[in-house]
Amino acid sequence: MKLIDSHCHLNYPGLAERQDEVLANARPRGIGGFLNISTRQREWDDVVGVAERNDDVWATIGVHPHEADAHPDLAAAALIEAAAHPRVIAIGECGLDYYYDKSDRAAQRDRLQAHIEAARATGLPLVDHTRDAEEDTAEILAREVGKGGVAGVLHCFTGSAELAKKALDLGFYVSISGIVTFKNAQDLQQTAKSIPLDRLLVETDSPFLAPVPNRGKTCEPAFVADTAAFLSDLRDEPLDELAGATTANFFKLFSKAA
């Protein structure tokens, strides 16, 4: 069995201090690849550095919507330049977060547009974060996909079934994190059952959101195996089949990694 953790933050506190140990914990559980996600411009070099040191780690270049106000001058050009690195396989994480509203909403939309322009220019997929911003997310993605040259994934999906359907209709993938294992996640569980197997990804979003049976611990990439096992039972699919499909999906979407 081979799984890919399609979204982790190996440079965040809780994992950064023990990166080698964290990766070593995951590999014996069948985790054959890790996508290390950037959220601020100042960390791009460090995020890429982990991928340079490990053949099974790749990197993204992007700015989280929480950081939009802190990056007022971020334009597509900077993203495009940084994404030329051979270990960078996606643009993001980017998007809209109206739940915490840590940055001005107009600034979030402007930064998202810069990421979309960079994705189109580089041919790399978007790693999109959306929370309580479904209408704007759907509108922007529909408009930009309609122009051509934009693909990606809604990561750590917690949205409505309607948003999942819209994303799938646009050709996007949907990535499920350990949240799906939580007792209060019945709506998400129903949505997760409906995602076509050829459009499904799995992730940890570590060091956050450790799945059952690891609740309360610092999340790490090894735990993507627990999320996959839960999904296998939930969807009534053999674990090897789900693992194989989600791994194939990863390399189809993030084709630069292949």
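Axes are lines fitted to C-alpha atoms, for helices over the stretch in contact, and angles run from 0 to 180 degrees between N-to-C directions. Helices (H or I, at least four residues) and strands (E, at least two) are DSSP runs, numbered from the N terminus. The model is a predicted one, in which local features need pLDDT of at least 70 and side-chain atom pairs count only at pLDDT 80 or more, while totals for chains, interfaces and linings use all residues. Residues are numbered from 1 along each chain as its sequence is written, and side-chain values use heavy atoms, with hydrogens and water left out.

With these terms in hand, consider helix α7 (residues 186-194) and helix α8 (residues 224-235), whose axes come within 10 Å and cross at roughly 75 degrees. That makes α7 roughly perpendicular to α8, a label given to angles of 65 to 115 degrees, whereas angles under 35 count as roughly parallel, over 145 as roughly antiparallel and the rest as oblique. Where the two helices are in contact (heavy atoms within 4.5 Å), Q189, A192 and K193 of α7 meet F230, L231, L234 and R235 of α8.

Turning to the sheet, the reader will find eight strands in the order β1-β2-β3-β4-β5-β6-β7-β8, an open arrangement with parallel pairing, where two strands pair if DSSP finds at least two bridges between them. Because β1 (3-8) and β8 (200-202) stand at the edges and have a single partner strand each, one side of each is left without a neighbour in the sheet. From one strand to the next, the twist averages 30 degrees. Within the sheet, β4 (residues 88-97) and β5 (residues 126-131) pair in the parallel sense over six bridges, and G92 stands opposite V127 in β5.

Strand β1 pairs with β2 in the parallel sense over four bridges, and L3 stands opposite I31 in β2.

Finally, V22 has its place in helix α1 and is buried, with a relative accessible area of 0%. Leaving aside residues up to four places away in sequence, V22 touches L10, L15, E220 and P221. V22 and C219 are 197 residues apart in sequence, and their C-alpha atoms are 9.9 Å apart in space.

Key: Buried < 20%, exposed > 50% of the residue type's maximum accessible area, 1.4 Å probe, protein only.
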